[in-house]
Amino acid sequence: MSSQVTLKINGQDVTVEKGTRVIEAAKLAGAEIAHFCYHPKLKPDANCRMCLVEIEKMPKLQTSCSTEVSEGMVVETASEKVVDAQKGVMAFLLGNHPLDCPECDQGGECQLQDFAHQHGAMTSPFGEVKRTFEKSYFGPLIEKEMNRCVSCLRCVRYCDEVIGANALGSMNRGSMHEVGAFARQELACEFCGGCIQICPVGALTSRLAMFDYRTWQLKKTESICNYCGDGCTLTLEAAKEEITRVSSEMGTGRNSGDLCARGFFGYGAINHESRLTRPLLRLENGDLEVTWQWAFDKTSEDLKAIVEKYGAKAVGGVISAQCTNEAVYLFQKLMRETIGTPHIDSGARFGYINAVSALTEVFGTARLASYEDIVQSDCLLVFAGEMTETNPIAALKVKEAIRQNSAKLITVSPYNARRETYISHLPHLAHQHLQVQVGSESSAILGLTKAILEAEPASATPQAMLAKMKTAVSGISFESIEAASGISESQFQKAAALFRSAKRGVLIVGRSVLRGAEGHEAMLRLAELAVISGQIGRPGCGILPLSKESNAFGALEMGGAPEFLPGLQLSDPENKGYNLLEMVDAAARGEIKALYLVGENPLRSLPQKKVKAALENLELLICQDLYPTETTALAQIVLPASSYAEQSGRFTNQEGEIQKLRPAIDPVGNSKPDWEIFSTLTGKLNTKEKTPYQKLRGHVSADAVWKEAVMAMPEGWSTQKGAKPEALSVYAENAQIAWQLPEKTVQDGLFALQVGQSLFHAGQMSTYASGLTTLLNAPVILIHPEDAERLSLDEGEQVQLSTEDNKAGIQLPVKTSKKVAEGTLFVSEHFALSVKTLLPLSVDKTTGVPAGDSGWVALSKISVAAS
Amino acid sequence: MRFKALSKETIERIKAEFPKYPNRRSLTLPALRIAQEDIGYVSEPAMIDIAELLDLTPIQVYEVATFYSQYNMKPVGKYLIQVCKTLSCSLVGAIPIIEYIQKKLEIAIGETSEDGFFTLKVVECLAACGSAPMMQINDRYYEQLTPEKVDQILSDLKTNGKSDLATGPFMLPVLQG
Amino acid sequence: MPKYELVLFKNMAQSGYTGSFTDYKKTGGYTAFEKVLKEGSPANIIDEVKKSGLRGRGGAGFPTGLKWSFIPKDHVGPRYLCCNADESEPGTYKDRQLMERDPHQMLEGMAICCYAIGAATAYIYIRGEFDLGAEILEDAIAEAYKAKVIGKDIFGSGFSLDIFVHRGAGAYICGEETALLESIEGKRGKPRIKPPFPAIHGLYQEPTVINNVETLANVPHIINRGAEWFASIGIGKSTGTRIFGVSGQVNRPGNYEVPMGVTVREMIYDIAGGIRGNKKLKAFIPGGASAPMMKPEHLDTPLDFESIKEAGSMLGSGAITVMDEDTCIVWAAMNLMEFFHHESCGQCTPCREGSGWVLQILRRIEQGHGREGDVDQLLDLCGRIEGKTVCAFGEAEIGPIVSSIKHFRAEFEQHISEKGCPFHPNAALSMAH
């Protein structure tokens, strides 16, 4: 049967896919039909009745948004009858609509304005008193002006159908119908901003930018978000060189126009008053703001002096994984080639390197799965219960797979399968949730591996690998795995069978593995699990490691790690540089004398006492950053960098997609893009031959840097997608596969504490965004309501967390959450770094990734002193 | 889970309805009714409890509660008087009955008498058109009303908690073989 | 009028009949169900019901057998029957009597229908205000389970059936069949867009039949006495008896079961005893509030689907509301518009916005603030609602308005020109819903 249908629209033949709706077919035929409730992302609701059309053989007008095309259908979209109906509906919508367009923030991009202009009558027959509702707010960020609402329910439907937060609803009925939140209370939802974006009129608008602009005054620039590795396309909208609003056009980018709170409300960090705007030198008699010329001279002279005095290897550099590919490429080149030190690392060291290094070792590439693979998958195995918080849009793809393909979701996570009231939560949506003990994800990998090996491993598995794996698990019983993980043999078997039998299975791996203890090894074991499950090497299958930073993949691919040269080529093992922790240790030893930190703040990310001592031991600390930090306070030279919104360049997201940033505003203050700073410094430090032009100007643009970087890459570096069979054979031969007998991790009387990310923040940058700090600006401990009840803790009560030996204690307030398991606690990392000092830090034996997100703590009530 | 507003018995009554439906959401109407029987109206904490019990979000319960006219979103008197005013009732004297009750109880429509016994509401058709005028008080119908009958019914309810004037299994006209 | 036999009211007309299982059984109850389980194939039952000409008694008058036959035979998974007992059409109170007086008659009809369409679960959606009715049904269902006429493996046939009562909570719109399904699913009673129709994607997206109480109550009789017997009652395509509920200004209001085809005159003057106080008839509504009003000149129209339709109205739910010469038509239209405005679900624009707008104008006219052109504007607004809404509610709410203007336009004009209502006793009551 043909999947094409031919119909006639306004006399013109149109051929479209079967299942297309008349409104969409008409658009293809060049006839835009006025509409409000219709939206391509949503199921048809046909409530606004604006899109009525005449269809031959149908006595009544039909809503074109809900009617599917059929062969031979004859449609009129502008007949007299249709125009009359549209005028009628428009009159109904305008009858009670206020005449507040002059002060409505939607003005200029309002569908009611636009369609009224086309379809409305010149005069209104409505002579009654208008119905009025009082203005109200969905919390601190969203204004609801019900008088402007056309009751199309797009907001409610988006919240239900796309986000799955179920935070909005209809209330009352008939002409008093309203959209709103429970009992008119403030919302406590995901604040994705989707309801604002999808509202066709000015009923829902952002309070962050109330009356700040008229839409046509905004300069719009499409770029890439820098708050996580999802790689969302967003439109930065600027008025007078200030980012005033963010949107994302429906259907564009990897995110298809959907955003999360960080993307939609997080732009305040860009023009924050705390931004560093001028180079700063810390001299003996005080700080001095200087010109760039002076700063460049000083930086290059000081570096030269260190190299001359101690040798090039006394210099080290660490760059943030939120810097562009161009910046990382030039930085590693500056370090490796110009200065001559192998000590170069990036923020990918905080976990993502475990994924890239393990996956390239096994499969020859880390580009193994895309969002399309997730959406089209029929089974998803997700080692990331916190995915909505860490990677909200990738999590949306998981939800889309469940909604559209009835994909079966298996989650492995310590979280409960219950959700916070209005925030979606993958374990809650899971077909099967393997609720492991905190920190025992690797036991779950073992359990699943054993279950598949004992059933029917994929025939394509290399024999050598299969044999090694079988030997490795042979001595370990399901009982011992259950003791360690809390998951029974039958649960493992059920989940393993589900994933093994999937036609298109995708494995998703998050920070609980990548930033967990021995994450590199865990990632290798997961790669093997995917192989024996048959979910590698076929279309639609694969592995997607989630990245916290916007350019962790790119930072590694550009050579931002001692073990990788550009293109993930392995560096010379004879001359291997230090990674981040090793550099810190070397600085403490006095071996490294100068450290160049770009967007990295080790005093926050590694809150150990020794780190501060090590940095203080340096002769030269150069910090290049957006904001003053704990670390910049120790630096001799502070260089102000431009944010992602002020520069060109590229990010590579967690799928391996390389996407372009475009400058939306001029650099804030006198800041400069990182690549430009490195280019100039390279010129100043380069003693080798060069053209006078290069010496003078460095690279002319980020694109020029990119051209150079691409030339340095090996063939096929970014085009290889999916496992290389030859790489897998080599791995199968050489791999050493071993499993330790898992240990029971539960410690009686103590709470398992997990530190992680909040949906409303990403690292430190988000804490400068007023939109986000409105949602979360102080640390809390999430605790299960039963635990709180048992300990008689009130909501918001301060408690003391301490290590078992009571050496250190930290006081924080508690908040109950159904999401966290009984006996566990969760603290988001953005405001309570000190809590990390309670947790043990382990260092990955292969990659040196510091793991210190979980551990056991005692929780005690703070006794109220008798007054 | 612990519940904030609903008693253990109410929770059990709601749970007893679970087997009737293939999913929990279908329990929304029965749960709201049972909750209202327990506490007299559907309070916000009660709706939160219902959401918890049915694995919904509170707004999903609230949407339903505000759609159907029988759910009291605010506390009402011990006896909720609902007088029908739709055409058939109005044609034969519903309005004088409504005015009579207002005067007698010294309350306006929508108000509750000072003693907390009676709340008066005016409602749309209750399917007793042949026996108009009529009213519903709590779970019973009272039909073919006259001011005298209203006096009797209200006094019965106040003193005995029930009235013999309540309609039994309905038949009009009374048919006989 | 010729003599006729009661069918649906026959049992309850016996003195001492309580409607209990025992009483119902004594009248031959549940023999039809037993017969179909033992002898009849589902296809034969559907055929028989088709042949009987039985049409839906809820309002639309759709052929019942045909509706049943739309259920896909090869469907894997559950199918459902929903009995529509959300009796809410103003003027209508017949299902209440059928349920409260003879609940097993309807239950047996449901059981036969379920067997015919292959449903193992049925819900009775009863309007929330029918507390007594719900209690009686719950008791009757319990009796039926006890007597094993419903439940597991009925009469050893292998057929199992559960019947549950689902109580509404005050919403006229839930009588619309897809809104009813939404309501059972625990949602707001918003009619769905059609297609898909419930026979394919109904309750929980499974194939579903929705039938009115009176419709289902007829089924055991059709099985027991045959399609031909049933088709012999009534007139033309309107077969069987029909329960007409007469209300308003008549001497003997009530539910009367008669063969279809008796005239309105016979119904109002002979059966219901004529107009109160010997007043003159001014207007009547033949089929519930949403049926267009008719005038005395239509008194000789037979009460059957076709004849009433031809005369410009509809038989609807069989509710006849009678208005005498002192009734203000503007007030009556306003009263009904208040009802429809209160009951509009608010989902689609024309109904949500239009009902309020129309009501405001009617109120204005009735209260003496009418303006020139208001009547035409009312008609214009009704035209913008008609045929443009998600469900039939749009047509329902304009029915009384358009028809009252059609028949009594002068009275509207008089209100406007005289700046007030000439019928003082019917002062409008300010409603605080």
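Phe155(C) sits in the loop between helix 8 (131–146) and strand 3 (162–167) of chain C, where helices (H or I, at least four residues) and strands (E, at least two) are DSSP runs numbered from the N terminus. Phi of Phe155(C) is near 50°, a positive value in a residue other than glycine, and with 26% relative accessibility Phe155(C) is partly exposed; buried means under 20% relative accessible area, exposed over 50%, and partly exposed in between, with a 1.4 Å probe and protein chains only. This is a predicted model, in which local features need pLDDT of at least 70 and side-chain atom pairs count only at pLDDT 80 or more, while totals for chains, interfaces and linings use all residues. Residues are numbered from 1 along each chain as its sequence is written, chains are lettered from A and ligands numbered from 1 in the order in which they are written, and side-chain values use heavy atoms, with hydrogens and water left out.

Another loop of chain C, between helix 9 (177–184) and strand 4 (208–212), holds Pro195(C) and also Pro196(C). A cis peptide bond with omega of about -5° joins Lys194(C) and Pro195(C), and a cis peptide bond with omega of about 0° joins Pro195(C) and Pro196(C).

Taken as a whole, chain C has 17 helices and ten strands, and its C-alpha trace spans about 75 × 45 × 35 Å along the principal axes. The radius of gyration of chain C, taken over C-alpha atoms, is 22 Å, which agrees with the value near 22 Å for a compact globule of 433 residues; the globule rule is 2.2 Å times the number of residues to the power 0.38. Of these 433 residues, 67% count as buried.

The domain assignment, whose bounds come from an automatic or database source, divides chain C into domain 1 (21–232), domain 2 (235–324) and domain 3 (329–432). The C-alpha centres of domain 2 and domain 3 of chain C are separated by 23 Å, and eleven residues of domain 2 of chain C are in contact (heavy atoms within 4.5 Å) with 14 residues of domain 3 of chain C.

In chain A, the centres of domain 2 (104–115 + 123–269) and domain 4 (370–416 + 425–540) are 37 Å apart, taken over C-alpha atoms. Their contact takes 15 residues from domain 2 of chain A and 14 residues from domain 4 of chain A. Asn172(A), in the loop between strand 8 (169–171) and strand 9 (178–180) of chain A, has a positive phi near 60° although it is not glycine, and its relative accessible area of 24% makes Asn172(A) partly exposed.
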